[in-house]
Each structure stands twice: as structure tokens, then as C-alpha cells.
Amino acid sequence: MTARALSAPAPFLSAPWRDRQGEFSPFKLAVLVGLCLPALWLAWLAATYSLGPRPYTEAIHLTGLWAIRILLLSLLVTPLRQMLRQPRVMLVRRMVGVAAMVYALAHLLLYVSDTGFDLGKVVSEIVLRFYLTIGFIALAGLVALGVTSTDGWVKRMGGKRWQLLHRIVYGIAILGLVHFVLQTKLDVTEAMLTAGLFLWLMGYRLLSPKGAAPPLWRLALLVPLAALGTALLEAGWYGIGTGAPFWPVLMANLDVEFGLRPALWVGIVSAGMLVVGILGRRLQARKPPRRRGAAPAKEAHAVGP
């Protein structure tokens, strides 16, 4: 980590569309706009009375859904940087992680508002309902990561301790996914799809050498493994939750008569990431060789998992 990186102003105090040198970054601006779109869409639905008969419930659901989606996007930043050989991708990791925290806080605030700001009821519900308890723990973890995501905190804690703290993001993601599944009443399709994508993200980290993209054969292996893992999760969940027979539910993931099941979608996304890995290697092969004695480009300091 360079002294210049530590002395750079914290992103909370500078425009989020600027890079670490203070220059305008179209890439960061595009990501920022993308992160704001779900909130703008939710505001439009609320303004046009399009949230259905229970607007608070729908708004709570949407903010929670986008919180977990964006959290997974933050975990995707490192694989994309490694596969595409593009260090600048890391510039948005902190922004994406903080956005996940903001949506999660909005999720809680809307829930509190729906109770008429009855904090006693909110606390009792969080304590007595298991899925709310683990959801609140996940939110508290996200807030801790968001608060300590600045360069100042990296300097205060030291790199190793800071990295150790921010590895709890994996546990936070698991808690968030369990909360998502448990609060889903009937159709757990989206929850299982999200869980399957998380399986791919964890599988990527297990199969990749430290600091580098895994070989293509390992990325190819992740395609069936992530899909199978998703199918097993869904079959296990229905078996535990409803007593449905395990094998028929597992085989239903191959039945496309009523649309693609989560396992097949995860397989498609995993195959897409394999294509990204192939393109990244081809782009790298086309780059002119670095001149002898030239210093490698330094990757901008970023925070997050």
C-alpha cells in the first residue's frame, strides 16, 4: 500500500465518480448510476401507487432483495478483475459494498416505519423471530464493514487486521441468504437462485490461486458443480420445509416445461463466467509485451472482500 493511497481523501468525503487521483472516472459514474437505479425505480413505483395493496411490504421486500444482490456483486468484483486482467475494476468495490449496506439499512427503516416506529415491537420481533434475528446480525455486520471501509480505518487497524475483519463478509452473505430463504413464504425460486450464485462465488475462491484467475478447466468444472449444488440446496430445502421427496424435487431442476429452475440458471451464469475467463485470456494475449525494466502498473488500493 502506498503512502499516496493512504493520504487520499476518503470516498465518503469526495465525489464518488472520481478516482483515487481525484480525476473524473466514467466507469465509476456508470456503476454509481447503476447502483442508484433500483432506488429510483422503487421511488417511481411508490410515487405512482404501483406497489400493490401492501406497499410497505413490497418496498421492504425489494430493498432487501437488492441489498443481497448488490452484496453478491461486491463479491464478484475480485473474480472480474482477475479474469479480465483489469485492475481498475477494483475502484468500485468499496462503492458497491457501501451500496449494499445502504439498501439493507433502507430495508430495516421501512420495516420500522411499517410498525409505526414502535421500537419496542421492532426489538421484540427481532429477538423472537429467528429469521429477523439473523437478518439484523447480517445488517450489523454490513454497517461495521461500511464504517471501516475508509483508508483511515485501514491505517488505524493495520492491513492484516483490517483484512481479517472484512472477511466476515462471507458469513454476512450466508446469514443474509438464510434470512432471504426463511422469510420467503411459498416460492423460493429467487432465493435459491441467489444462493446458487453465491455457491459459484465461493467455488471460484476455493479453486483459484491466490491473487490470480483459476485455470480455464477449473472454471469449466464450476459450471456443473454450481448447478448441482443449487439443485441439492433446493431439494434439501423442500425436503426439510415441506417433506417433499428429495429425488423428484432434484430431478425437477431438469424439467424446463414450466421454465428454467434455479440450478439451470446458475449453470447458464456459470457458463457465462467461463466465457468471460476465456475472453480475458485472449485480451491478455493480444497485449504487447512489457518493455524490459518497465515497472508494472500499480493496482489502486481498494477495500472489501
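Q: In what order do the elements of the chain run from the N terminus on?
A: Elements are assigned as DSSP runs numbered from the N terminus, with helices (H or I) needing at least four residues and strands (E) at least two. Here the order is α-α-α-α-α-α-α-α-α-α-α-α-α, with 13 helices and 0 strands in the chain. This is a predicted model, in which local features need pLDDT of at least 70 and side-chain atom pairs count only at pLDDT 80 or more, while totals for chains, interfaces and linings use all residues. Residues are numbered from 1 along each chain as its sequence is written, and side-chain values use heavy atoms, with hydrogens and water left out.

Q: How do α11 and helix α13 pack?
A: Two packed helices are described by the angle between their axes and the distance between the axes. The axes are lines fitted to C-alpha atoms, for helices over the stretch in contact (heavy atoms within 4.5 Å), and angles run from 0 to 180 degrees between N-to-C directions. For α11 and α13 (residues 262-286) the angle is about 165° and the axes are 8 Å apart, which makes the pair roughly antiparallel (over 145 degrees). Residues making this contact include Leu219 and Val223 of α11 and Val266 and Leu274 of α13.

Q: Is arginine 218 buried, partly exposed or exposed?
A: Buried means under 20% relative accessible area and exposed over 50%, with partly exposed in between, using a 1.4 Å probe and protein chains only. Arginine 218, in helix α11 (residues 216-242), is partly exposed because its relative accessible area is 26%. Leaving aside neighbours within four places in sequence, arginine 218 is in contact with Leu207, Ser208 and Pro209.

Terms used
Angles under 35 degrees count as roughly parallel, over 145 as roughly antiparallel, 65 to 115 as roughly perpendicular and the rest as oblique.
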